[in-house]
Amino acid sequence: MAKIQSIRGMNDLLPAESPVWQYLESTVASVLARYGYRELRFPIVEQTELFKRSIGEVTDIVEKEMYTFADRNDESLTLRPEGTAGCVRACLQHGLLDNQQLQRLWYTGPMFRYEKPQKGRLRQFHQIGVECFGMASADIDAELITMTARFWQQLGVLDDVELELNSIGSSQARADYKRALVAYLEQFVDQLDADSQRRLQSNPLRILDSKSPETRKILQGAPSLADYLDDESRQHFEQLKSLLDAVGIVYRVNPQLVRGLDYYGKTVFEWVTNRLGAQGTVCAGGRYDGLVEQLGGKAVAGVGFAMGIERLCLLLEATGNIPESVNADPDVYFVVAGELAQQKAFTYAEQLRTRLPGLHLQLHCGGGSFKSQFKKADKSGACVALVLGDNEAEQGVINLKWLRDMDKGQQTLAWDDVFALLEQQFNL
Ligand code: ATP
Ligand code: MG
């Protein structure tokens, strides 16, 4: 029978890898809590219309990356390609943005895009996303970005990432700029790559993001978006930069930075690394003051970002920033053979778990010789093996064997003395 495989670009997260994910997620979650963010969970599937209306019809995501299907009721549904749309939908549906309530929210989970799978680019990937509603001024943009810097600092990768920053202005400013950009690029239309030629009509700003060397060369002479910024956006951007300066966040203004989703305006930013090859953006976001209204709510300002968990885990690995304590190895492996011993070990193990809640204890189950159990104990990564046979069980003692520190050998202890010893050994 042919083996059934996972879908291309959709990975299993194996037990050996999950501790790093948990470490990353819990580190980020604790920083988020320190800044007053609350978690929101919303479905993976939404009405297709939600994404079309928010992300924009002529973006890469909506044009060619969405997993869209008709359900049994012939309704068009889509696996979420990003989180902002669903987050806004949920906020509107539950009135979270009514009465000018301020909201600082975060979410995490899988996103789906039909892309060409490669290192750091998957079809099911995972993001931690953050959104803030009801705050139009640049202080919140600055706080968000400062918080992301704190993530990197806590994870030990602050020196491996760079912040790129831009303002893409008001929709009027972008419209004016688009005209100038198109007029300029039309002179070179034959030399542009095919995607950019197509975008010249549909979404010219995205041409700034083109990776084609010929197109990039032409772009060097293009008009700059910065020259078209409206006064309000300019002031907003100045305030953002001065707040970042005040807390020592280093950034590079990249006038060609645009985002792939239509809903952004004013602030856009990306954290990029050169440690991961082509997929170097680990976190990206910006301001989207028009989106809530576009999805049927009142005019409520919004700003947020999302980071790619896979890329961040790759970065932690590439930079050697996975602390040694990040693993799922037990502290103690409990080896047991004999009928009486088995009975006793079962109750001993529960006593240990009750009295030492911080201890990671793995009780051997399923029988087998001492020899085969010791092999498993060694492999488990535990530092200590507790060993109980029928003789020890009868006498109320237990053998303790040091698995890493071979010099320390083995000792026999009264059961009641085991608690204090383990408590001290593992700093519980
Ligand atoms: P890229 O330019 O790399 O395609 P994007 O602009 O499409 O990224 P966003 O929609 O802004 O990405 O998503 C935010 C973050 O999510 C990205 O910076 C990246 O870290 C991660 N990400 C996006 N798409 C993928 C993917 N297909 N696989 C893995 N991570 C992804
Ligand atoms: Mg993309």
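A polar contact is a pair of N or O atoms within 3.5 Å; within protein, one atom must be able to donate a hydrogen and the other to accept it, and residues adjacent in sequence count only if both atoms are side-chain atoms. The model is predicted: local features need pLDDT of at least 70, side-chain atom pairs count only at pLDDT 80 or more, and totals for chains, interfaces and linings use all residues. Residues are numbered from 1 along each chain as its sequence is written, chains are lettered from A and ligands numbered from 1 in the order in which they are written, and side-chain values use heavy atoms, with hydrogens and water left out.

**View 1. Polar atoms around ligand 1.** A polar side-chain atom of Gln127 lies 3.0 Å from an oxygen atom of ligand 1, and one of Glu115 lies 2.6 Å from a nitrogen atom of the ligand. Thr281 places a backbone N or O atom 2.9 Å from an oxygen atom of ligand 1. Of the 590 Å² of accessible area that ligand 1 has on its own, the protein covers 87% (Shrake-Rupley method, 1.4 Å probe; for residues, only the protein chains shown count as cover).

**View 2. The shell of ligand 1.** Of the 15 residues around ligand 1, Arg113, Glu115, Arg121, Leu122 and Arg259 come nearest (a residue is near a molecule or strand if one of its heavy atoms lies within 4 Å of it). Strand 6 (124–133), strand 10 (281–287) and strand 11 (302–308) each supply at least two residues of this shell. Strand 10 gives the largest share, four residues. Strands (E, at least two residues) and helices (H or I, at least four) are DSSP runs numbered from the N terminus.

**View 3. Glu270 in strand 9.** Glu270 belongs to strand 9 (residues 265–272). Because its relative accessible area is 11%, Glu270 is buried (buried, under 20%; exposed, over 50%; partly exposed, in between; 1.4 Å probe, protein chains only). Its side chain makes polar contacts with the side chains of Arg259 (2.9 Å) and Thr281 (3.1 Å). Leaving aside neighbours within four places in sequence, the residues in contact with Glu270 include Glu162, Leu163, Glu164 and Cys283 (contact, heavy atoms within 4.5 Å).

**View 4. Helix 15 and its cover.** In helix 15 (residues 415–425), Trp415, Val418, Phe419, Leu421 and Leu422 are buried. Their cover includes helix 12 (339–355), strand 12 (332–336) and strand 16 (410–414). Asn427, with a positive phi near 50 degrees, follows helix 15.
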